[in-house]
Amino acid sequence: MKRRQFLCSVAAVGSISLIGVARAAGESMIVYKDPNCGCCEAWANAMTNAGFTVTVKHDDDLPAIKAKYEIPAEMQGCHTAVSGPYFFEGHVPLEAVETVMSRRPDIAGLAVPGMPAGSLGMGSDPQASYDVYSLSKNGKTEVFMSVRPS
C-alpha cells in the first residue's frame with residue numbers, strides 16, 4: 001500500500017469513529033446495574049467514551065427495571081440501559097446502539113441475552129459469536145444484527 005493510500009485509509013477510519021461520537025454527543029443514557037458487576041461498568045464506560053452522557057444507577061432490584069420495560073425473560077442480560085425512548089438490554093455492541101440512536105426505528109429496544117464472551121464489556125474474543133435482537137413495542141423479537149468471527 002502506498003503512503004498516500006495508507007494516510008487516506010487512516011483518515012477515513014478516524015472520520016467514521018468521530019461520526020459515531022458526534023451522533024452520541026448530547027444523548028443521555030441511564031445504565032441500571034448490579035453494584036458489584038464489573039462487566040456492566042465496562043459497558044457503561046464504552047458508552048461514555050462514545051460520547052453519551054451516562055448516569056450509572058446501582059440497583060438491587062433489576063427484575064423490577066426489566067419488568068418496567070417489558071423485557072422478556074429470554075431476552076434479559078445483566079444490565080439495562082435507557083436512552084430516549086429505547087432500552088439496551090445487556091452487552092449490546094456500540095455499533096448497534098449508534099444505529100438505533102441515529103436511525104430512530106420504531107422499536108422498544110435492543111437486547112443481547114445472557115453475557116456472551118467477547119461482547120462489549122465481556123473481554124476481547126476474536127471468536128465472539130452472538131445475535132443482537134430488536135424488540136418491538138408489542139413484544140415481537142427479531143435478529144437486528146449478528147456478530148460473527150472475522
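Tutor: Let's start with a definition: a residue is buried if its relative accessible area is under 20%, exposed if over 50%, and partly exposed in between, using a 1.4 Å probe and protein chains only.

Student: Okay! What percentage of the protein chain is buried?

Tutor: Of the 150 residues in the protein chain, 39% are buried. This is a predicted model, so local features need pLDDT of at least 70 and side-chain atom pairs count only at pLDDT 80 or more, while totals for chains, interfaces and linings use all residues. Residues are numbered from 1 along each chain as its sequence is written, and side-chain values use heavy atoms, with hydrogens and water left out.

Student: Got it. How many helices and strands are there?

Tutor: The chain has 4 helices and 7 strands. Both are DSSP runs numbered from the N terminus: helices are H or I with at least four residues, strands are E with at least two. Along the sequence the pattern reads α-β-α-β-α-β-β-α-β-β-β.

Student: And what order do the strands take in the sheet?

Tutor: The order is 2-1-3-4-5-6-7, in an open sheet with mixed pairing. Two strands pair if DSSP finds at least two bridges between them. Strand 2 and strand 7 are the edge strands, each pairing on one side only.

Student: Are strand 1 and strand 2 parallel or antiparallel?

Tutor: Strand 1 and strand 2 are parallel, with 6 bridges. Here Val31 stands opposite Val56 in strand 2. Strand 6 and strand 7, by contrast, pair in the antiparallel sense over 6 bridges, and Val132 has Met145 in strand 7 as its bridge partner.

Student: What sits between strand 6 and strand 7?

Tutor: Their hairpin has 5 residues between the strands, and in it Gly139 takes a positive phi near 95°.

Student: Switching to helix 2. How far apart are its end C-alpha atoms?

Tutor: They are 16 Å apart, which agrees with the 16 Å that its 12 residues, 38-49, should span at 1.5 Å a residue. The expected span is 1.5 Å times one less than the number of residues.

Student: Which residues of helix 2 are buried?

Tutor: Cys39, Cys40, Trp43, Ala44, Ala46 and Met47. These residues cover an arc of only 155° around the axis, so they lie on the same side of helix 2. That arc is taken from the directions from the helix axis to the C-beta atoms.

Student: What covers them?

Tutor: The cover includes strand 1, strand 2, strand 3, strand 4 and helix 4. After helix 2 comes Gly51, with a positive phi near 110°.

Student: Now, where is His79?

Tutor: His79 is in the loop between helix 3 and strand 3. Its relative accessibility is 0%, so His79 counts as buried.

Student: What does His79 touch?

Tutor: Contact means heavy atoms within 4.5 Å. Leaving aside neighbours within four places in sequence, the contacts of His79 include Cys40 and Trp43, plus Tyr32, Phe88 and His91.

Student: One more loop: where is Ile107, and is Ile107 buried or exposed?

Tutor: Ile107 lies in the loop between helix 4 and strand 5, and is buried, with a relative accessible area of 12%. Beyond neighbours within four places in sequence, Ile107 is in contact with Tyr86, Val100, Ser134, Leu135 and Lys137.

Student: How far is Ile107 from Pro85?

Tutor: They are 22 residues apart in sequence and 8.8 Å apart in space, C-alpha to C-alpha.
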